[in-house]
Amino acid sequence: MFDNKTILITGGTGSFGKKYVKTLLERYKPKKIIVFSRDELKQFEMQQEYDAPCMRYFIGDVRDKDRLRRAMRGVDFVIHAAALKQVPAAEYNPMECIKTNINGAENVIEAALDNDVKKVIALSTDKAANPINLYGATKLASDKLFVAANNIAGGHKTTFSVVRYGNVVCSRGSVVPIFQKFIDEGRDHIPITHDEMTRFWISLQQGVDFVLKNFERMLGGEIFVPKIPSIRITDLAKAMAPNTPIKIIGIRPGEKLHEIMCPADLSFDTFEFEDHFVIAPGIKFSSRTNQFTTNALGESGKPVQPGYEYNSLKNPHYLSIEEIAEFNLRALK
Ligand SMILES: NC(=O)c1ccc[n+]([C@@H]2O[C@H](COP(=O)([O-])OP(=O)(O)OC[C@H]3O[C@@H](n4cnc5c(N)ncnc54)[C@H](OP(=O)(O)O)[C@@H]3O)[C@@H](O)[C@H]2O)c1
């Protein structure tokens, strides 16, 4: 699907972006891969690692529509990964988060429409489901923009979908590198905000593979949610430092005890497929009649029970302490 195609990835120097580029280069023969992000140093460092002839590096900010419009000339597929994503930073700097995550999303949509990009997938997060923090709220707004963009695409062929998943093991600023730092420093305890906390758990490669697959599955307007395991944060600490005591330090502002990916209130629009869920758009698209029970690959899903919620607490699939240790090791490769 990506052979001889031009792919642009906003936030291409981030954890997801680098893995995505690596995977594209390993599995396909793209015409061009365009990395779009702000920081020249991150791009310089990435260039040392990924210097294939098809690689292009664009300095740009998703807040700058003109720059995005220029970067998307001749582009077939866009993955929108650029975001401000640290929960506390968003609480303290709300307008910065709004400008990047919401205004940036709108700019990506308009630039894609103006350039007749074929397909766009935007990355979302479990924090966007019933959000309680600004980061989640901006990602929910972004999700809504991408879903509705399929309606304003009249006359254009661009389709937009969203991929939503949970905690990516070992991504920048996430819990595993933080715990590892404490362990390396020889601290006498691992700080945990709440002993009942659970999280969804996904590796970067799983996230990348899911996004790649959904470019084939998408009709436009869906939120794709993978079925992934949950972990208890206390089990993660035990897996990483079995002999170090845990200290409970209290829940942080904007932090949830458990995460949700498919909210109960949207159960009437949620369909269960073999390895994922689809949240269909609540709005009707003027030019489309598909009910989202069958995707572009012909895979079929069933409506979930009314009131069904896919959350990290009630998830039937939990990793044991041993499985977490193994999972993290694999994820680091
Ligand atoms: N990591 C997770 O656990 C997780 C879970 C669920 C969903 N997600 C979502 O997945 C996406 C990627 O996450 P990640 O972990 O790869 O994040 P990351 O490692 O922090 O990377 C973010 C990327 O976005 C770029 N960026 C930030 N602001 C930008 C702007 N205004 N204009 C252009 N580029 C900008 C950054 O580069 P510069 O700073 O150089 O611009 C960087 O390349 C995000 O949308 C995030 O919400 C992540």
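**First stop: Cys 262**

Select Cys 262 and show what surrounds it: leaving out neighbours within four places in sequence, Cys 262 is in contact (heavy atoms within 4.5 Å) with Val 225, Thr 270, Phe 277, Ile 279, Tyr 308, Glu 309 and Tyr 310. Before you go on, know that this is a predicted model, in which local features need pLDDT of at least 70, side-chain atom pairs count only at pLDDT 80 or more, and totals for chains, interfaces and linings use all residues. Residues are numbered from 1 along each chain as its sequence is written, and side-chain values use heavy atoms, with hydrogens and water left out.

Now colour by secondary structure. Cys 262 sits in strand 12, residues 260-262; helices (H or I, at least four residues) and strands (E, at least two) are DSSP runs numbered from the N terminus. Is Cys 262 buried or exposed? With a relative accessible area of 1%, Cys 262 is buried. Here buried means under 20% relative accessible area, exposed means over 50%, and partly exposed is in between, with a 1.4 Å probe and protein chains only.

**Next: Ser 230**

Jump to Ser 230, in strand 10 (residues 230-232). Ser 230 is buried, at 0% relative accessibility. Show side chains and find Asn 315: its side chain makes a polar contact with the side chain of Ser 230, at 3.0 Å. A polar contact is a pair of N or O atoms within 3.5 Å; within protein, one must be able to donate a hydrogen and the other to accept it, and residues adjacent in sequence count only if both atoms are side-chain atoms. Beyond four places in sequence, the contacts of Ser 230 include Arg 199, Phe 200 and Tyr 318.

**The ligand**

Now look for some polar atoms around the ligand:

- Ser 15: one of its backbone N or O atoms lies 2.9 Å from an oxygen atom of the ligand.
- Phe 16: a polar backbone atom is 2.8 Å from an oxygen atom of the ligand.
- Asp 61: a polar side-chain atom lies 2.8 Å from a nitrogen atom of the ligand.

On its own the ligand has 880 Å² of accessible area, and the protein covers 94% of that. Accessible areas come from the Shrake-Rupley method with a 1.4 Å probe; for residues, only the protein chains shown count as cover.

**Two loops on either side of strand 5**

Follow the chain to the loop between helix 5 (94-114) and strand 5, and pick Asp 116. Its phi is near 50°, a positive value in a residue other than glycine. Most residues other than glycine have a negative phi. Asp 116 is partly exposed, at 46% relative accessibility.

Then move to the loop between strand 5 and helix 6, where you'll find Asn 130. Asn 130 isn't a glycine either, yet its phi is positive, about 45°. At a relative accessible area of 35%, Asn 130 counts as partly exposed.

**Another loop: Ile 283**

Select Ile 283, in the loop between strand 14 (276-279) and strand 15 (302-303). Ile 283 is partly exposed, with a relative accessible area of 42%. Not counting residues up to four places away in sequence, Ile 283 touches Ala 148 and Asn 151.

**Zoom out**

Finally, show the whole protein: 10 helices and 16 strands. Of its 333 residues, 52% count as buried. Along its principal axes, the C-alpha trace spans about 60 × 50 × 40 Å.
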